[in-house]
Amino acid sequence: MGERVYDVIVIGGGPSGLTSGIYGGRAKLDVLIIDKDDFGGQIKLTDEVVNYPGINSIKGKEIVEVMKKQAQKFGVTFIHDEVIKLDLEGDIKKVVTKLGEYKGLTVIIASGITHKKLNFVGENEFLGKGVSYCAICDGEFFKEKDIFVVGAGFVAAEESIFLTRYGKKVHILAREPEFTCAKTIADKVLKNPKIEVKFNTEIISAEGDNLLRKIKMKNNITGEITEFISENNDNIGLFIFIGFVPQTDIYKGIVELTEEGYIKTNEFMETNVERVYAVGDIRPKELRQLVTAISDGGTAISRIEKYVFELREKLNLPRVEREDDCEENGILDSDMKKQIVELTKRFESPLNLIMVKGEDLEKSKALEELLKELSGLTEKIKVSIYESNSPEINEKFLLERLPAVFILNKDNEYSRIKYSTIPLEHELNSFMQALYNIAGPGDEVKEELLERIDKIEKKINVQIGVSLKCTRCPDTVQATQFIVSRNKNVSVEIIDVLTHKEFKKKHDIVGVPAIVVNEKNIYFGQMSLEEMIEILEKQ
């Protein structure tokens, strides 16, 4: 990404990362925030924040949107991408992502935490078939169904309230004798007529056929075992919220971690590596709340701004003139536009995209606007738009789900990658990475995996059911697209299951990502490249 050296690179866009951006931007530092998911972190899933000083009540999504806009006002750059490698030694820190490399004088790690698993019988078997760890991703699949929530903490309580907007009834199973969260939120749950709470109760198994239909539970005081089967043997939703684990795998051997995997820091948020900081939930702390996350971000920047300008002068690095208070036009924000422009500069060949309109005029218009905006940013992307009744298009492409976009390769041949959705939110990055892999040079992958991909000889069609709010879907989509870019025997279609309900119904999809192979075998859950290769090797 050129020779630009940022004053601060922040890895993670939750409240602590956003605060680092706000404080850094206001201090006239050149700040980059990188996040693989949608900016906002865990609090974005919180339906109502009532414990932040000075604000009576606000949705988690609203407060992080305000924080992001505030950071943008101070000239902070935002990038949707996944960090895959780090070189944090020396004066210039290097952060390598799937789509590029960034350099900085300092790095703030704000990667946050992810949900724990409970490891009961059936938990893995029914993942995506009823078992979920994300209410905002999968809640809508359980409209007028019975929904179970496992947990007694703040997240379990909050998500139970959120899920009442979908479920017929929400049942909370808590192994503790009472809630472990604040009494105000606990009382709110207990008073909700759509929520039933069972304390001193543990789940022991999840059962069913192709979907989750039965839950067995145990009273940990009396030992009594009971089971739940919904009316008419309908399918059930089961959401697990029992705590978190830090997302620190990539930092092992680079910065010092606790036994539990959290990043050790001092009171100034400094790690054991010079000019590398950790903030928010990823560091050990007594209280993991919005107010402490914000405090961490501010503390780290207050330390950095004391020396970073002198360091820049010492290294003879010019100051970067930042663009503050920029106006946003179009679907894509200014940071995403810059990222796309920089990425397409690396394309080895231009690409053509074919869009085919559908009966849904609103979605067709939105997809057309996005593609035109992309093509307006670079000469490397050309877009042709057709009606669904065009004879030329009907001969070349399967037009089962529209509107859709088909990616052509450098020889103007269909690359076998189709998007039956508008590639925005979490899927925009996946879409751009597909273009990068088709145009070349593409991702760097271990030779062993490339050899396995090239050995796939059977014709395989993969359909991946996604929702644009799903944080687990992009990994699966990107892995499959890479395989398709290498092997002409494999094709993929990315399908928005909440738009194309006939696909959802046909395959009994109650969670995403849902991977349908050759219209018969179905797999659920986030998949790495190696896991997707294993699936295709079995066909």
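Helices (H or I, at least four residues) and strands (E, at least two) are DSSP runs, numbered from the N terminus. With that in hand, welcome to this predicted model, in which local features need pLDDT of at least 70, side-chain atom pairs count only at pLDDT 80 or more, and totals for chains, interfaces and linings use all residues. Residues are numbered from 1 along each chain as its sequence is written, and side-chain values use heavy atoms, with hydrogens and water left out.

**Confidence**

- The protein chain has a mean pLDDT (the predictor's confidence in each residue, from 0 to 100) of 91, and 97% of its residues reach 70 or more.
- Confidence is lowest in helix α10 (residues 391-396), where the mean is 80, and highest in strand β17 (residues 276-278), at 98.
- A word of caution for any model of this kind: where pLDDT is low, the predicted coordinates should not be read in detail.

**Nonpolar cores**

- A nonpolar core is a set of buried Ala, Val, Leu, Ile, Met, Phe, Trp, Tyr and Cys residues joined through side-chain atoms within 4.5 Å; buried means under 20% relative accessible area, exposed over 50%, and partly exposed in between (1.4 Å probe, protein chains only).
- The largest nonpolar core holds 86 residues, and F431, M432, L435, I483 and L536 have the most contacts inside it.
- Helix α11 (residues 426-439) supplies the largest share of this core, eight residues.
- Which residues does I483 touch, leaving aside those up to four places away in sequence? Its partners in contact (heavy atoms within 4.5 Å) are I453, I456, V490, L529, M532, I533 and L536.
- Another core, of 32 residues, lies apart from the largest one, and I108, A110, I294 and A300 are among its members.

**Salt bridges**

- Across the whole structure, 37 salt bridges are found, each a side-chain nitrogen of Lys or Arg within 4 Å of a carboxyl oxygen of Asp or Glu.
- R303 pairs with E270, with their closest N and O atoms 3.3 Å apart. Because R303 lies in helix α6 (residues 290-304) and E270 in the loop between β16 (244-246) and β17, the pair ties together parts that are 33 residues apart in sequence. R303 is partly exposed at 28% relative accessibility, and E270 is partly exposed at 22%.
- K285 and D296 form a salt bridge at 2.7 Å, N to O. K285 sits in the loop between β17 and α6 and D296 in helix α6, so this pair links parts eleven residues apart in sequence. Both K285 and D296 are buried.
- K216 and E207 meet at 3.6 Å, N to O; K216 is partly exposed at 27%, and E207 is partly exposed at 25%.
- A network of salt bridges links E400, R401, K418, E493 and E502.

**Backbone features**

- As background, most residues other than glycine have a negative phi, and most peptide bonds are trans.
- The peptide bond from L402 to P403 is cis, with omega near 0 degrees, and P403 is found in the loop between α10 and β20 (404-408).
- G440 and P441 are also joined by a cis peptide bond, with omega about 5 degrees; P441 lies in the loop between α11 and α12 (447-454).
- M269 has a positive phi, near 75 degrees. M269 is in the loop between β16 and β17 and is buried, with a relative accessible area of 5%.
- N518 has a positive phi too, near 55 degrees. N518 belongs to the loop between β24 (514-517) and β25 (521-524) and is partly exposed at 27% relative accessibility.
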